[in-house]
Amino acid sequence: MNEFEFIDSIKQHTYKQPSVIKGVGDDAAVFRQTSRDIVTAVDTFVEGVHFSRSTMNPFHIGYRLLAVNISDLSAMGAIPAFYLVSIIIPDSWNNEELAGIYQGMAEIAADYRMDLIGGDTVSGGDLTLSITVIGYVDRGKARYRSTAKNDDIVFVTGTLGDSAAGFYMLNNPGNYTNETFYHQRHRMPDMRSDFANELGALSRVTLNDISDGIASEAHEIAEASRISLTIYEDKLPVSMNFNQFSADQQHEWKLYGGEDFELLGAVSRNEWETLQDIAAETGTQVTEVGYIDDANDDEYDVWLKDRNNHKQLLKKRGYTHRSR
Ligand SMILES: Nc1ncnc2c1ncn2[C@@H]1O[C@H](COP(=O)(O)OP(=O)(O)OP(=O)(O)O)[C@@H](O)[C@H]1O
Ligand SMILES: Cc1ncc(C[n+]2csc(CCOP(=O)(O)O)c2C)c(N)n1
Ligand SMILES: [Mg+2]
Ligand SMILES: [Mg+2]
Ligand SMILES: [Mg+2]
């Protein structure tokens, strides 16, 4: 298949979003928007860094890449609408495998009524996929990392550490409990889109999605909001049978494992009950895991309290890409 046949094979023939004026097939895509704010993000996946063929099949690769981008839109309180895919294809990937990647993306796109409206195709190098997502949020309702205030409740959706545990199981075959569940949490993470969108009812909520690990994202909130954040270690939600792993593994994965794509947030005590109602309506597990304090002398610290109430500074550690 040449580049043009490939583009033809991945092109949608109809669009779900009524605002599309031009999708795939010209120099750029066009959509029209008058009332809502537009939210956009891009994340890149590289073979060997974000996935390997030994732990993910092509469908999972596509599914997960679009999922993690939807996660960033959720963390902004936005509804997904469009995506554009830039792909660098090495010779070692065949047509069937590439089709699998696009099927994975199409599967989750259907769940969120997203349209593929453009992209770019280049051959050579390592398999690299970069997805740009575009979504909408009601005017002025985008949710930021910078809005947390003293005495807010810190909460997290879902459970933590499952993706890292699943990745470990995929790489270290053995006798595990609930293995399929953990594999699934790594390969096809759940999105918190409905919950995040419904939070539009709140006057203020701080959100950040967990890609690098809760320790890292907690620091992003602390720094952006210029506050201090405390997490109770024994309140961090984990899945059933997470205790099949060693204490060190559990500690490492839930705090620093990353790729959970759950939402870490902060909300005022006044609106905590409304937030819990929204969680119940959208079938979302939400757990109170800590609180916000004023910062001490411009130190935007993140603390971890153990079950004996001992407080220690939580390092900004997680999955960090190096730059030279
Ligand atoms: N190479 C880049 N050029 C311009 N802006 C960038 C670049 N890399 C990151 N950013 C911007 O920096 C901010 C933080 O990006 P970052 O990738 O850390 O967030 P994220 O997507 O939530 O995290 P992750 O990539 O771990 O999922 C965003 O505003 C992003 O657009
Ligand atoms: C083959 C392979 N090796 C390592 C990992 C783990 N991993 C890769 S990127 C990342 C953080 C988010 O990245 P980004 O900041 O780019 O969004 C994590 C935890 C994996 N999933 N697959
Ligand atoms: Mg990013
Ligand atoms: Mg993010
Ligand atoms: Mg991201």
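The shell around ligand 2 takes at least three residues from each of domain 1 (3-137) and domain 2 (153-313), with domain bounds from an automatic or database domain assignment. The model is predicted: local features need pLDDT of at least 70, side-chain atom pairs count only at pLDDT 80 or more, and totals for chains, interfaces and linings use all residues. Residues are numbered from 1 along each chain as its sequence is written, while chains are lettered from A and ligands numbered from 1 in the order in which they are written.

A residue belongs to a shell if its C-beta atom, placed from the backbone, lies within 6 Å of the ligand. Around ligand 2 these include Asp-43, His-50, Phe-167, Glu-259 and Tyr-319. Ligand 1 is surrounded by Asp-43, Asp-72, Ser-211 and Asp-212. In the table, Ala, Val, Leu, Ile, Met, Phe, Trp, Tyr, Cys and Pro count as nonpolar, Asp, Glu, Lys and Arg as charged, and the others, Gly among them, as polar.

| Shell | Residues by class |
|---|---|
| Ligand 1 | no nonpolar, 1 polar, 3 charged |
| Ligand 2 | 4 nonpolar, 5 polar, 3 charged |

Four strands form an open sheet in the order 3-6-4-5, with mixed pairing. Strands (E, at least two residues) and helices (H or I, at least four) are DSSP runs numbered from the N terminus, and two strands pair if DSSP finds at least two bridges between them. Strand 3 (37-46) and strand 5 (115-123) are the edge strands, each pairing on one side only. Strand 4 (residues 79-89) and strand 6 (residues 128-137) run antiparallel and are joined by 9 bridges; Ile-79 stands opposite Tyr-136 in strand 6.
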